[in-house]
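We begin with the overall fold and then turn to one helix.

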Amino acid sequence: MTASAAESACRVMVFARAPTPGEAKTRLIPALGAEGAAALHRRLVMHCLRAAGDSRLGPVELWCAPDTSDPFFRECERRIGAGLHAQGEGDLGARMQRAFESALAHAARAILVGSDIPALSAQYLRDADQALARGDDAVIGPAEDGGYVLIGLSRCDPELFRDIPWGGPEVMAETRRRIASLAWRSSELPVLWDVDRPEDLGRLPQEKR
């Protein structure tokens with residue numbers, strides 16, 4: 001691949017924790033048990049990676065926590081062809097910034113998604129990439145809970161990720177404010193939901209339960 005071809009690609013990054021029972025999807029443990037929550041986490045990660053691959057936007061990267069050593073991550077690499085990267089230290093914002101800086105060093109555009117989004121589709125990812133290709137600096141996929149399920153960037157600024165109240169209901173609103181303060185051009189995709197709480201389980205497609 002030539003340098004210009006590499007620069008034209010969009011990289012799709014999936015953030016995921018290792019599916020360690022008792023540590024993965026802990027808020028679902030009361031409903032599913034530790035093993036069940038970890039098994040669901042594995043299925044959801046695979047779903048998001050497949051959507052990323054099916055989008056055919058460019059290289060798919062799996063950003064792993066705490067590192068890339070878990071056998072499940074190696075399985076994802078083998079089955080999906082995802083490149084493995086360690087998220088590294090710091091809060092979620094620091095880790096996201098690090099991932100974007102890495103991706104945008106090699107591509108004109110980058111999209112990052114979580115790993116617990118049953119409704120994520122290849123088309124949703126393509127819509128995000130199209131917004132960036134049209135000239136947006138940022139594109140966001142809001143989540144029902146006040147956060148977001150997707151963020152795509154054609155440039156990176158630490159202000160997007162510094163001192164955000166991650167996990168709370170103000171993440172999306174604060175991110176909108178940060179984008180406005182940067183005077184960036186941006187757009188938003190339709191709202192999706194993610195799987196965080198036992199009450200979310202009833203919405204899952206049967207094959208992902």
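The protein has six helices and seven strands, taken as DSSP runs (H or I of at least four residues for helices, E of at least two for strands) and numbered from the N terminus. This is a predicted model, where local features need pLDDT of at least 70 and side-chain atom pairs count only at pLDDT 80 or more, while totals for chains, interfaces and linings use all residues. Residues are numbered from 1 along each chain as its sequence is written, and side-chain values use heavy atoms, leaving out hydrogens and water.

**Overall fold**
- Along the sequence, the pattern reads α-β-α-β-α-β-α-β-α-β-β-α-β.
- The C-alpha atoms fill a box of roughly 45 × 40 × 30 Å along the principal axes.
- Of the 209 residues, 49% count as buried (under 20% relative accessible area; exposed is over 50%, partly exposed in between; 1.4 Å probe, protein chains only).

- Phe 72, Phe 73 and Cys 76 are buried in H3, which spans residues 71-80.
- Seen down the axis of H3, its buried residues fall within an arc of 100°, so they line one face of the helix; the arc is that of the directions from the helix axis to the C-beta atoms.
- Pro 71 and Arg 78 are exposed on the other side of H3.
- Strand S1 (10-17), helix H2 (29-55), strand S2 (60-65) and strand S3 (83-86) are what the buried residues of H3 pack against, with contact meaning heavy atoms within 4.5 Å.

**After H3**
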